[in-house]
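Here is a short briefing on the fold shown below. It covers the sheet, the disulfide and the core in turn.

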Amino acid sequence: QVKLVESGGGLVQAGGSLRLSCAASGTIFRINAMEWYRQAPGKQRELVAGINSGGTTNYADSVKGRFLVSRDNAKNTVYLQMNSLKPEDTAVYYCNADLSSSTGWGVYWGQGTQVTVSS
């Protein structure tokens with residue numbers, strides 16, 4: 001059974017940094033894109049950053065130059081380095097992965113990790 005688990009969230013002051021991790025486990029044959037989303041209270045979930053199997057990345061305009069997405073294919077893990085954090089970055093951060101497992105292809109989501117940035 002495939003499972004994605006995020007870690008690394010917490011409380012940080014504005015201007016600070018956090019590094020999120022998301023590890024996929026289970027019988028996984030291949031992972032294509034891995035992405036980070038976030039959802040703030042009262043707002044829709046939005047794409048923050050993504051990275052494909054070749055290492056090509058994309059970012060929301062609001063985080064360009066501050067956030068860096070990377071992955072370790074050997075560990076089936078995606079990271080999100082968040083620098084120069086702002087109060088408006090406060091949200092629950094979710095990862096997802098488009099992957100092939102024993103049950104076929106599908107998109108799997110983690111349970112989310114809270115990031116709170118104080119002013």
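**Strand pairing and core**

Strands β3 (residues 18–25) and β8 run antiparallel and are joined by 6 bridges. The model is predicted: local features need pLDDT of at least 70, side-chain atom pairs count only at pLDDT 80 or more, and totals for chains, interfaces and linings use all residues. Residues are numbered from 1 along each chain as its sequence is written, and side-chain values use heavy atoms, with hydrogens and water left out. Strands here are DSSP runs (E, at least two residues), numbered from the N terminus. Two strands pair if DSSP finds at least two bridges between them.

**The open sheet**

- An open sheet is built from 4 strands in the order β1-β3-β8-β7, with antiparallel pairing.
- β1 (3–7) and β7 stand at the edges with a single partner strand each, so one side of each has no neighbour in the sheet.
- Neighbouring strands of this sheet are turned by 15° against each other on average, direction ignored. The axes behind this angle are lines fitted to C-alpha atoms, and angles run from 0 to 180 degrees between N-to-C directions.
- β1 pairs with β3 in the antiparallel sense over 5 bridges. Here Glu 6 has Cys 22 in β3 as its bridge partner.

- Strand β8 (residues 77–82) has 5 of its 6 residues buried, so the rest of the structure largely encloses it. Buried means under 20% relative accessible area, exposed over 50%, and partly exposed in between (1.4 Å probe, protein chains only).
- Strand β7 (residues 67–72) is joined to β8 by 6 bridges, and the two run antiparallel.
- Asp 72 stands opposite Thr 77 in β8.
- The hairpin of β7 and β8 has 4 residues between the strands, and Asn 76 takes a positive phi near 50° there.

**The disulfide**

- The structure holds 1 disulfide, defined as a pair of cysteine sulfur atoms within 2.5 Å.
- Cys 22 and Cys 95 form the disulfide, with their sulfur atoms 1.9 Å apart.
- The pair links distant parts of the chain: Cys 22 lies in strand β3 and Cys 95 in strand β9, 73 residues apart.
- The torsion about the S-S bond of Cys 22 and Cys 95 is about 55°, so the disulfide is right-handed.
- Cys 22 is buried at a relative accessible area of 0%. Cys 95 is buried too, at 0%.

**The nonpolar core**

- The largest nonpolar core has 31 residues, and Trp 36, Leu 80, Met 82 and Tyr 93 touch the most other members. Such a core is a set of buried Ala, Val, Leu, Ile, Met, Phe, Trp, Tyr and Cys residues joined through side-chain atoms within 4.5 Å.
- β3, β4 (28–39), β5 (46–51), β7, β8, β9 and β11 (113–118) each supply at least two residues of this core.
- β9 gives the most to this core, with 5 residues.
- Leaving aside neighbours within four places in sequence, Tyr 93 is in contact with residues including Glu 6, Leu 20, Trp 36, Leu 80 and Met 82. Contact means heavy atoms within 4.5 Å.

**Asn 96**

- Asn 96 lies in strand β9 (residues 91–101).
- Asn 96 is buried, with a relative accessible area of 4%.
- Not counting residues up to four places away in sequence, Asn 96 touches several residues, among them Leu 4, Met 34, Tyr 37 and Trp 109.
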